[in-house]
Amino acid sequence: MAADRSESPPRAWQRMLSGRRLDLLDPSPLDVEVSDIAHGLARVARWNGQTRGDNAFSVAEHSLLVEEIARRLKPDLSPNWQLAILLHDAPEYVIGDMISPFKAVMGGAYKDVESRLQGAIHLRFGLPAELPAAIKKLAKRADLICAYFEAVELAGFDEREAAKLFGRPRGFQADSTGQLRLGLTPCPALDAQTRFLDRFAEIEALRETGNNGAARRA
């Protein structure tokens with residue numbers, strides 16, 4: 001007699017293009033590959049796709065920008081923490097980019113899954129499962145600055161509304177019209193994927209040279 005599938009537990013793993021099977025309930029660092037992360041994040045849209053342009057503004061592009069802003073805020077940021085901030089939204093290659101209002105509705109269950117994935121990703125790349133408070137604070141600040149510019153330049157927010165939600169960025173020069181702009185332009189998924197992998201490789205090269213003295217000071 002055939003087994004009753006209704007009695008089988010629901011599938012909780014996703015098959016990646018690398019061939020890995022990542023279990024959302026108990027993710028293993030051994031099943032995490034940067035190629036899968038880059039591929040997935042380059043195809044996940046920020047703002048639920050509600051942005052201007054022919055291409056979605058991807059989480060890969062967002063991650064690159066947040067890491068760049070973090071280095072601007074803290075020029076001596078060590079390669080270890082550069083990598084941690086580049087990967088700050090890495091779980092979204094599995095679970096997608098849930099907008100903040102939906103996260104608030106979902107509550108703790110979403111955060112638990114996200115936290116387990118983030119811990120596995122950190123361990124895979126030699127980072128602590130739990131980041132230092134100073135790095136978390138830096139990542140959050142850079143993320144909010146990035147969100148402000150995305151909101152104004154891509155998602156249709158006016159500056160007053162964006163400033164109310166994300167704070168008005170300090171230390172950024174206004175353009176010739178008196179507005180704060182970074183000139184964001186969403187790019188095709190393959191370009192975003194390549195740029196993410198290139199930046200990951202640059203940081204890994206720095207880590208391999210032992211250029212991590214700032215990690216002990218952060």
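The side chains of Glu130 and Lys136 meet in a salt bridge, with an N to O distance of 2.1 Å; a salt bridge is defined as a side-chain nitrogen of Lys or Arg within 4 Å of a carboxyl oxygen of Asp or Glu. At 53% relative accessibility, Glu130 counts as exposed, and Lys136, at 41%, counts as partly exposed. In these terms, buried means under 20% relative accessible area, exposed over 50%, and partly exposed in between (1.4 Å probe, protein chains only). The structure is a predicted model, in which local features need pLDDT of at least 70 and side-chain atom pairs count only at pLDDT 80 or more, while totals for chains, interfaces and linings use all residues. Residues are numbered from 1 along each chain as its sequence is written, and side-chain values use heavy atoms, with hydrogens and water left out.

The protein chain contains nine helices and two strands, arranged along the sequence in the pattern β-β-α-α-α-α-α-α-α-α-α. Helices (H or I, at least four residues) and strands (E, at least two) are DSSP runs, numbered from the N terminus. Of the 218 residues in the protein chain, 44% are buried. Among contacts in the protein chain with a separation of 6 or more, 67% are between residues 24 or more positions apart; contact means heavy atoms within 4.5 Å.

A search of the whole structure finds 12 salt bridges. One of them joins the side chains of Glu150 and Arg46 at 2.9 Å, N to O. This pair links distant parts of the chain, since Glu150 belongs to helix α7 and Arg46 to the loop between α1 (34-41) and α2 (59-73), 104 residues apart. Glu150 and Arg46 are both buried. Another salt bridge is formed by the side chains of Arg71 and Glu67, at 2.7 Å, N to O. Both residues lie in helix α2, four residues apart, which is about one turn of the helix. Arg71 counts as partly exposed at 29% relative accessibility, whereas Glu67 counts as buried at 1%.

Gln82, in helix α3, is buried, with a relative accessible area of 7%. Leaving aside neighbours within four places in sequence, Gln82 is in contact with Glu67, Arg71, Leu77, Arg199, Ile203 and Leu206. The loop between α3 (79-86) and α4 (92-95) holds Asp89. Asp89 is buried yet has no salt bridge, and the nearest side chain of opposite charge, Arg46, is 4.4 Å away. For this assignment, Lys and Arg count as positive and Asp and Glu as negative; His and the chain ends are not counted. Beyond its neighbours within four places in sequence, Asp89 is in contact with Leu41, Arg46, Val59, His62, Ser63 and Asp143.

Ala147, in helix α7, is also buried, with a relative accessible area of 6%. Not counting residues up to four places away in sequence, Ala147 touches Arg46, Trp47 and Phe166. The C-alpha atoms of Ala147 and His62 are separated by 8.6 Å, although the two residues are 85 residues apart along the chain.

Aromatic residues were examined next. Rings of Phe, Tyr and Trp (its six-membered ring) pair if their centres lie within 6.5 Å; planes under 30 degrees apart count as stacked, over 60 as edge-to-face and the rest as tilted. By this rule the count comes to six aromatic pairs. The rings of Phe125 and Phe200 have centres 5.2 Å apart and planes at 70 degrees, so the pair is edge-to-face. This pair links distant parts of the chain: Phe125 is in the loop between α6 (108-124) and α7 (133-153) and Phe200 is in helix α9 (residues 189-208), 75 residues apart. Phe125 and Phe200 are both buried. One aromatic cluster is formed by Trp47, Phe157 and Phe166.

Charged groups also lie over the ring of Trp13. The charged end of Arg11 sits over this ring, 4.8 Å from its centre, and Arg21 lies over the face of Trp13 at 4.2 Å from the ring centre. A charge sits over a ring if NZ of Lys or CZ of Arg is within 6 Å of the ring centre and within 35 degrees of the ring normal.
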